[in-house]
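Please look through the sequence and the model shown below before reading on. The paragraphs that follow go from the chain as a whole to a few of its parts.

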Amino acid sequence: MSVVTSAHIEQYRRDGAVLIKGALSSADVAQLERGIEQCYREERGPATVVEGGATGGATVVRDYASMESPVLADLLGSGRIGAIGSALMQAPSAQLILDQVFYKAGGPVVATPWHQDTPFLRVRGESIVRLWFPCDFSPRHLTVQVLRGSHRWEMIFSTQVRSGDPSAKEGATGIGDPGMPMVPDVARFPESFDILTFDVAPGDVLAFQGNVVHGAGGHPNHPTPRRAYAVLLGGPDLHYHAPRGKAFPSPGRMRGLRAKDDIPDAAKIGAYPDAFPVC
């Protein structure tokens, strides 16, 4: 029996996000934890590190995690994650766009600025979902927060963050397409937006549409680590997009099948399973 119900699908389509409790079994959660630890501790690939402060709290992000961890590759290859994604998208299948491990140590937590995933990617369209699988409890004030309905704004925003944002950092220049509008200043005017928040626990999945605007709060000293596996999936009708700036390459191209993405702009990714593997 599918863990995704008609009520989940309705909320996902309406709000752009839904929390599915108990989406993974206890065995799946144990495998998820082993895979995250394997990806984090063996340090096989490059990582992005956001420092939390002098007393710790760093966040380590590893991209294309299933290529670094055979345990995560096995979990992803089981089809259970893809089935959740395809059910929410109401698509016949789900193809891998990007998967990442987020390993947040205990200590000071740096807020994640409000942003979209889409401008960092080489795909565009409605059939795209981010599945966030935690293996630790995370309270709503630190978990991903989303702007309800922002997936229906039909707007792609800039990858730049505002200079006054405490989590702003160098390095975003040249990513995505230039000339896009800035993300609304949610951090400054939170009362002007309908913000959805979620308490998440091991076994849950927080799903949100790939175009939704989202962020996460900070904390001066959160005592425990928070680890999660985040998978971006697209339906076969999702369109390839060649941005003018840098963007995440497709998973298949990361495996070295070709030197670069050479898919025609606006082509449907369903025709390119070598670049975007079916899950």
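Helices (H or I, at least four residues) and strands (E, at least two) are taken here as DSSP runs, numbered from the N terminus. Counted in this way, the chain holds 6 helices and 15 strands. The model is a predicted one, in which local features need pLDDT of at least 70 and side-chain atom pairs count only at pLDDT 80 or more, while totals for chains, interfaces and linings use all residues. Residues are numbered from 1 along each chain as its sequence is written, and side-chain values use heavy atoms, with hydrogens and water left out.

Of the 279 residues in the chain, 53% are buried, where buried means under 20% relative accessible area, exposed over 50% and partly exposed in between, with a 1.4 Å probe and protein chains only. If contact is taken as heavy atoms within 4.5 Å, then among contacts between residues at least 6 apart in sequence, 84% join residues at least 24 apart.

A nonpolar core is a set of buried Ala, Val, Leu, Ile, Met, Phe, Trp, Tyr and Cys residues joined through side-chain atoms within 4.5 Å. The largest such core has 35 residues, and those with the most contacts inside it are L32, I81, L88, L131, Y229 and L233. Helix α5, which covers residues 80-89, gives the most to this core, with 5 residues. Leaving aside residues up to four places away in sequence, I81 touches L75, L76, L131, F133, Y229, V231 and L233. Another core, of 15 residues, lies apart from this one and has F198, F208, V212 and A230 among its members.

Helix α2 runs over residues 26-42, and its 17 residues reach 24 Å from the first C-alpha to the last, close to the 24 Å expected at 1.5 Å a residue, the expected span being 1.5 Å times one less than the number of residues. The buried residues of α2 are D28, V29, Q31, L32, G35, I36, E37, Q38 and C39.

Where does Q116 lie? Q116 is found in the loop between β6 (112-115) and β7 (123-124), and because its relative accessibility is 2%, Q116 counts as buried. Polar contacts are pairs of N or O atoms within 3.5 Å; within protein, one must be able to donate a hydrogen and the other to accept it, and residues adjacent in sequence count only if both atoms are side-chain atoms. A polar atom of the Q116 side chain lies 2.9 Å from the backbone oxygen of M155, and a polar atom of that side chain lies 2.8 Å from the backbone nitrogen of F157.
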